[in-house]
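We will go stop by stop.

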Amino acid sequence: MSASPFAAERLLFKPTPSTADAISIIFAFPNEYSVGITSLGYQVVWSTLATRGDVQVSRLFTDAQEPLPSDPELLGFSLSWELDYVNVLNLLESLQIPIRAVSREDAHPLVFGGGPVLTANPEPFADFFDVILLGDGELLLGEFIEAYQAVRTYDRATQLQHLAQVPGIYIPSLYEVTYNGADGWIQAISPLHSGVPTQIAKQTYRGNTLSASTVVTEKAAWENIFMVEVVRSCPEMCRFCLASYLTLPFRVASLEESLIPAIARGLKVTDRLGLLGASITQHPEFETLLDYLNHPDYDHVRISFSSVRTNTVTAKLAQTLVKHDSRSVTIAVESGSERVRQIVNKKLTNDEIIQAAINAKAGGLSSLKLYGMAGLPGEEMIDLEQTAEMMKTIKKAAPGLRLTFGCSTFVPKAHTPFQWCGVNRQAEKRLQFLQKKLRSQGIDFRPESYNWSVIQALLSRGDRRLSYLLELTRHYGDSLGSYRRAFKELRGTLPPMEQYVHENWQLDQMLPWSHLQGPLPQATLQKHWAIAAEQFNEVSTVKELLKTAL
């Protein structure tokens with residue numbers, strides 16, 4: 001029998017002993033321990049609970065668990081990946097808890113959930129949760145526990161009514177969704193009682209002390225890594241980007257009060273450091289942070305960066321990475337077409353991308369990874385040809401630098417300007433086109449599965465009726481064919497798959513998440529969408545002019 005993974009943990013916080021009447025909580029991550037313990041969000045919520053004397057928290061993963069209470073009052077899930085919903089349902093069943101909230105009784109724990117998947121669009125999963133926390137745990141967790149304490153001895157219905165009054169706490173069962181026919185679109189989303197708010201606003205933490213690892217372990221997917229959040233959100237606001245739009249405004253960790261103390265604390269227990277954030281090189285004191293990390297005391301430390309903004313890849317950055325045992329850097333370029341980058345609001349030129357490659361090589365890096373997308377709104381075949389040309393130019397400009405081009409299919413995300421856009425039906429062929437063009441040039445092309453993108457889009461834009469579909473597909477498997485089979489079986493009870501995935505939606509139609517308020521109002525997202533749409537017809541106009549000239 002293998003040893004418990006918990007034995008290898010080195011804690012960077014001191015748990016508080018629980019009082020005799022502490023709330024018993026199971027806090028679960030619906031995946032294996034190595035994956036869950038690598039989630040910074042999961043670590044921070046768990047440690048926050050563990051430092052409260054009025055709480056007794058036990059952790060649960062699909063392959064490991066701490067001793068669990070026999071009658072937990074609360075059961076929480078941190079959901080970071082859409083398809084982990086299968087494990088949520090499996091864990092509920094293993095604990096003998098009904099998977100649907102409507103079937104639970106007073107004796108069952110309240111099942112709550114949070115994390116990026118549920119904050120973006122919880123509706124496909126809403127029927128499985130009693131409580132959903134929308135937004136940042138720094139604000140929500142304490143409010144949730146305090147509100148629950150106040151009604152701890154009451155019946156379930158009273159508890160839910162009370163929790164619904166807390167900003168950012170969403171109680172799905174207190175809202176009714178009506179449709180234009182069983183397989184028609186959403187007509188209205190309304191609270192069932194007058195005391196329930198019509199809109200639930202995502203809660204945003206605005207402090208300058210951001211998250212850092214609370215545990216380091218060799219059993220993590222990134223072995224022995226200490227993670228520190230450098231920035232939160234991204235100021236660039238690419239119009240497809242959930243990481244930017246959903247988490248606005250852009251916040252930076254204070255260098256003196258947050259970042260440096262956290263790094264110093266972490267490097268006492270490990271020599272591996274991960275700097276996290278959607279755009280870490282846009283921290284206003286990033287150069288000072290590099291100078292700090294380049295101190296001789298840290299020469300032995302291995303440093304990993306998340307993706308960095310292309311025009312911040314300097315020779316100094318590359319040299320720092322090489323010095324600290326990294327051989328590559330990752331940049332997101334989206335497309336080699338200037339026009340497509342204008343559509344998505346990617347403020348980059350091809351010259352800047354090429355210069356980043358030159359700087360990477362000059363600084364001693366051996367590899368450059370670029371990320372792009374196929375099937376972006378307004379994209380034409382000529383834009384993909386320009387992407388292939390750009391990669392060829394980069395290869396000539398930085399000979400010997402190993403180039404990788406990772407490419408996904410555009411997937412619409414809630415609370416972004418492109419939430420109204422469907423997945424391009426030609427995207428799979430476009431990925432194949434890029435593969436043919438780039439691999440012939442000796443460029444490592446890594447496409448993400450088109451079928452997975454279709455499933456992701458379904459879950460990103462789905463409504464509550466999908467819960468019945470999700471129950472079926474977990475028994476059929478996680479292939480696209482399983483989802484199509486389930487749609488066929490449920491025909492007449494929900495719209496066809498194409499309506500969720502491929503169709504462009506009207507700007508004025510009711511969205512599954514219309515009652516959930518993100519950082520920006522719908523009117524602002526519509527304006528951003530309109531700015532993008534102005535670029536769409538440019539290629540078509542040029543083609544017509546060429547035809548006329550001929």
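Which element supplies the largest share of the lining of the largest cavity? Helix α13 does, with 3 residues. Before you select anything, note that this is a predicted model: local features need pLDDT of at least 70, side-chain atom pairs count only at pLDDT 80 or more, and totals for chains, interfaces and linings use all residues. Residues are numbered from 1 along each chain as its sequence is written, and side-chain values use heavy atoms, with hydrogens and water left out. Helices (H or I, at least four residues) and strands (E, at least two) are DSSP runs, numbered from the N terminus.

**Stop 1: the largest cavity**

Select E334, S335, G372, M373, E379, D383, L384, T387, F405, C407 and L434. These residues line the largest cavity. A cavity is a set of points, on a 1 Å grid over the protein atoms alone, where a 1.4 Å probe fits but cannot get out; lining residues have an atom within 4 Å of a point. The volume is about 40 Å³. Volume here is the space filled by probe spheres set on the points, with grid points joined across faces, edges and corners. The whole structure has 3 cavities of 30 Å³ or more.

Now colour β18 (367–374), α13 (381–397) and β19 (402–409). Each supplies at least two residues of this lining. By class, the lining has 5 nonpolar, 3 polar and 3 charged residues. Ala, Val, Leu, Ile, Met, Phe, Trp, Tyr, Cys and Pro count as nonpolar; Asp, Glu, Lys and Arg count as charged; the others, Gly among them, count as polar.

**Stop 2: the second largest pocket**

Next, go to the second largest pocket, with about 270 Å³ of space. Select S304, F305, S328, T330 and K369, the closest to its centre of the 15 lining residues. A pocket is an open set of grid points with protein on both sides within 12 Å along at least five of seven lines. Show β16 (302–305) and β17 (328–334), as each gives at least two residues to the lining. The largest share, 4 residues, comes from β16. The lining divides into 4 nonpolar, 6 polar and 5 charged residues.

**Stop 3: salt bridges**

How many salt bridges does the structure hold? There are 31. A salt bridge is a side-chain nitrogen of Lys or Arg within 4 Å of a carboxyl oxygen of Asp or Glu. Visit three of them.

Select D291 and K316, whose closest N and O atoms are 2.8 Å apart. This pair links distant parts of the chain: D291 is in helix α9 (residues 286–293) and K316 in helix α10 (residues 315–323), 25 residues apart. D291 is partly exposed at 44% relative accessible area. K316 is also partly exposed, at 29%. Partly exposed lies between buried (under 20% relative accessible area) and exposed (over 50%), with a 1.4 Å probe and protein chains only.

Return to helix α13 for K392 and E389, which sit 3 residues apart, about one turn of the helix. Their closest N and O atoms are 3.8 Å apart.

Then pick D444 and R402, which meet in a salt bridge at 3.4 Å, N to O. This pair also links distant parts of the chain, from strand β20 (residues 444–447) to strand β19, 42 residues apart. D444 is partly exposed at 23%, and R402 is partly exposed at 43%.

**Stop 4**

Select D136, in the loop between β6 (131–133) and α5 (137–150). Is D136 buried or exposed? D136 counts as buried, because its relative accessibility is 11%. Contact means heavy atoms within 4.5 Å. Not counting residues up to four places away in sequence, D136 touches K202, Q203, T204, Y205, R232 and R251. The D136 side chain reaches the backbone nitrogen of Y205 at 2.9 Å.

**Stop 5: E489**

Finish at E489 in helix α17 (residues 480–489). E489 is partly exposed, at 48%. Leaving aside neighbours within four places in sequence, E489 is in contact with L472 and Y476. The side chains of E489 and Y476 make a polar contact at 2.5 Å. A polar contact is a pair of N or O atoms within 3.5 Å; within protein, one must be able to donate a hydrogen and the other to accept it, and residues adjacent in sequence count only if both atoms are side-chain atoms.
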